[in-house]
Amino acid sequence: MSDISPSNSLGAHVRLQGSHKTALVRLGIDTVADLLYHFPARYHHIANMKRIVDLQKGDEVIIYGTVVSAKTKKTFKTNVPVGEIVVDDGSGKITATWFHQAFAASVLTVGTSVKLAGKVQEKKSGVLYLGNPEFEKTKALPIDVGDSLFSEGEDIQAFAAPVYPETKGITSRFIMHAVKKLFSLGAHELLADPIPTDVLKRYNLPSLATALVWIHTPEKEADARAARKRFAFEEIFMIQVARAQARAMYHSLGAYSIAPDENTIVAFTDTFPFPLTTAQEHAIVAIIEDMGKDEPMTRLLEGDVGSGKTVVAAATAYAVVITSPEGQDFGTFQVAYMAPTEILASQHFTSFQTYFKHLPIRIGLITGSGCKVFPSKSNPEEATNISRAQLLKWVANGEIAILFGTHALIQKSVSFKHFGYAIIDEQHRFGTAQREKLVHRDGDNRAPHLLSMTATPIPRTLALTIYGDLDLTLLDELPAGRKSVHTSIITPDMREKVYDHIKTELAAGRQAYVICPRIDEPDPDKRLALNTKSVKAEAARLSHNIFPDHTIDILHGKMKPKEKDSVMARFSSGEIDILVATSVVEVGVNVPNATLIVIEGAERFGLAQLHQLRGRVQRSSHQAYCYLFTDTNASQSLDRLNALVSARDGFALAEMDLSLRGAGELSGDKQWGISDIGMEAIKNLPLVEAARKEATLLLEKDPHLTNHPEIKKAVDTMDAPHLE
Ligand code: ADP
Ligand code: MG
């Protein structure tokens, strides 16, 4: 029985006590409410699992256990790599062996909890083993495998056993008993339900007390599902309330109205060497319309790679830098343009030099490795290096109209005279805190207009939630003449053919990227990393063995910014034919003549990342090709790669990605600050829309949440954008 007990009385915020306290606190569980809100990650259906001691030859089984030894070797005669682990589940031990997939043993190091599914086989010696089983690292073991769960014990009446997220020093069994104890004391009935009763009724959601019982100790699957739905709703609802409140606060700051003459903007966009897409036109009109109001424009521009977001940024920035603050004849409103990498920030800085050449304005660049200004007083044609102090002075006195930069832009020392417009490229690379820092400036009492741009197509439900404080505009159209990228999955036997094709394209003047998962060769002693290619070794191999007549160079994150810039410049100018790189080229890099991209070990990259990488070659009117090199046979990996082959566009891909992922795998989205349960809601558009609608309604009636203290507390302690 558990030794956890609430001290004294049983309020929600009563601290837990007992010998496991330290371990619980490490999990962020401090109070009764914390423990009750510590939900099972999933449930295990009892029927499918076996204890190792009960295994028999020929059984198709699922076992859970801890890895007690792991090694790799080569078979004696054929030199085939073999990975071998021994798993212990408390009832016994069994060996699992993988031929040709030695890496399994590298992933499953000693001490990891693992789930294995496969067929029990027998060696000549009569010893049982699992041959090439499916494996999965698990966050936790189900409650005591090899214990009462499998006997006719008390727990068997439940349809399934809850599995709690990974816990150092605390078992799922312990947590379940502690929770049951709280239930028997009635603790769950003392917690105030933060969701208003009428809302629960409208969506047929269980009350807090019922849902707590159902989620921890479900008697049927439907109960567990209803409970999870309620908590998913609760989480998304709280986020929506927080976002809606942040939006209201930001908008209440007011903004400087930017209202240019429409013809001036059209004249500007006419200077581009191409007609705008309809989607670009709509986006520009929507943004400029909003900027004319005395409230800040706040918008997320979601556009697939190559959809031309920069043009939208340029046209709207133009509107800002031709507008002078009222009653002032010197200087204009200023723009801050923040990008996640130095490469990207300087690329934008360079593009804007051309776009704004005809204007009497100066633009600047600030990054960790230096500052630049254009035009310089001595040379009107070029950008020059200047000191940080000088640049900051010119920004502060209003002489620099647009400041490009990386994170360096949000340092305290950067202050504008008339900050009118903040643009954030690749928003997903920054946190809300960074966005907040950019738009929040001492001295400026009105808020700058805000444009966030992202090329990582996220599902609509996720965008509506995490960017709930922004209006959404979609650039859902690629510029005319763009061909979609021919994407294919390449197995090892097709490698040579692909190289031949690349040779033909290079001979026709095109350029190629080869993306590798690593920079260096692995430590030779760790043979497990064998299969992943490294930038350095692959570049050497390609230039000696495959493409001896072409210029090959490398790019990776450990190079100095200067080296990176010089490599990118040489690739841009066509001096380098093949750029072997890590995924540093993922974000925004633009070399239209590069029409081929090979991705080594494609299964190791996330879908969104692969899509971004593929976007690097979607920049010209030549047919482009993306080759996903892989030697995996795992059907899950192949499904993901196939989604990339068939997705119509990035947004379709994002939706496919979401639906391909199981509940547990959604935790990859920790970056959004949403729990696993919350991510289950993200799969459910009506639920997200309902949460959004209810949040808005609630705030309309009770803007300061005075009548909803539970919600106020949840929102105030949340990592949401709050502006002082
Ligand atoms: P992203 O949305 O990925 O940031 P960019 O703004 O970098 O895309 O644009 C990609 C490329 O497409 C650039 O070379 C840009 O000049 C070009 N481009 C943008 N808009 C159009 C258009 N309407 N027609 C043709 N080319 C365009
Ligand atoms: Mg871009």
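I started with D469 in this predicted model: D469 forms a salt bridge with R435, and the closest N and O atoms are 2.9 Å apart. D469 sits in the loop between α15 (460-466) and β19, while R435 belongs to helix α14 (residues 432-439), so the pair ties together parts 34 residues apart in sequence. I then checked accessibility: D469 is buried at 6%, and R435 is buried at 5%.

Next I looked up the salt bridges of the whole structure, and the search gave 22. Among them is R228 with E680, at 3.1 Å between the closest N and O atoms. This one links distant parts of the chain, from helix α8 (residues 221-252) to helix α22 (residues 676-682), 452 residues apart. I noted R228 as buried at 9% relative accessibility, whereas E680 is partly exposed at 24%.

For a local pair I turned to K712 and D716, whose closest N and O atoms are 2.8 Å apart. Both lie in helix α24 (residues 709-716), about one turn of the helix from each other. K712 is partly exposed at 34%, and D716 is partly exposed at 40%. I also found K71, K73 and E84 joined into one network by salt bridges that share partners.

Back to β19, I traced its sheet: 9 strands, open, with mixed pairing, in the order β15-β14-β13-β16-β12-β17-β18-β11-β19. β15 (384-386) and β19 (471-475) each have a single partner strand, so one side of each has no neighbour in the sheet. On average, neighbouring strands are turned by 20° against each other, direction ignored. I saw β11 (residues 298-303) pair with β19 in the parallel sense over 5 bridges, with R299 opposite D471.

Terms used:
Residues numbered from 1 in each chain as written. Chains lettered and ligands numbered in written order. Predicted model: local features only at pLDDT ≥ 70, side-chain atom pairs only at ≥ 80, totals over all residues. Heavy atoms only, no water. Pairing = 2+ DSSP bridges. Helix = DSSP H or I, 4+ residues; strand = E, 2+ residues; numbered from the N terminus. Axes fitted to C-alpha atoms, helices over the stretch in contact; angles between N-to-C directions. Salt bridge = Lys/Arg side-chain N within 4 Å of Asp/Glu carboxyl O. Buried < 20%, exposed > 50% of the residue type's maximum accessible area, 1.4 Å probe, protein only.
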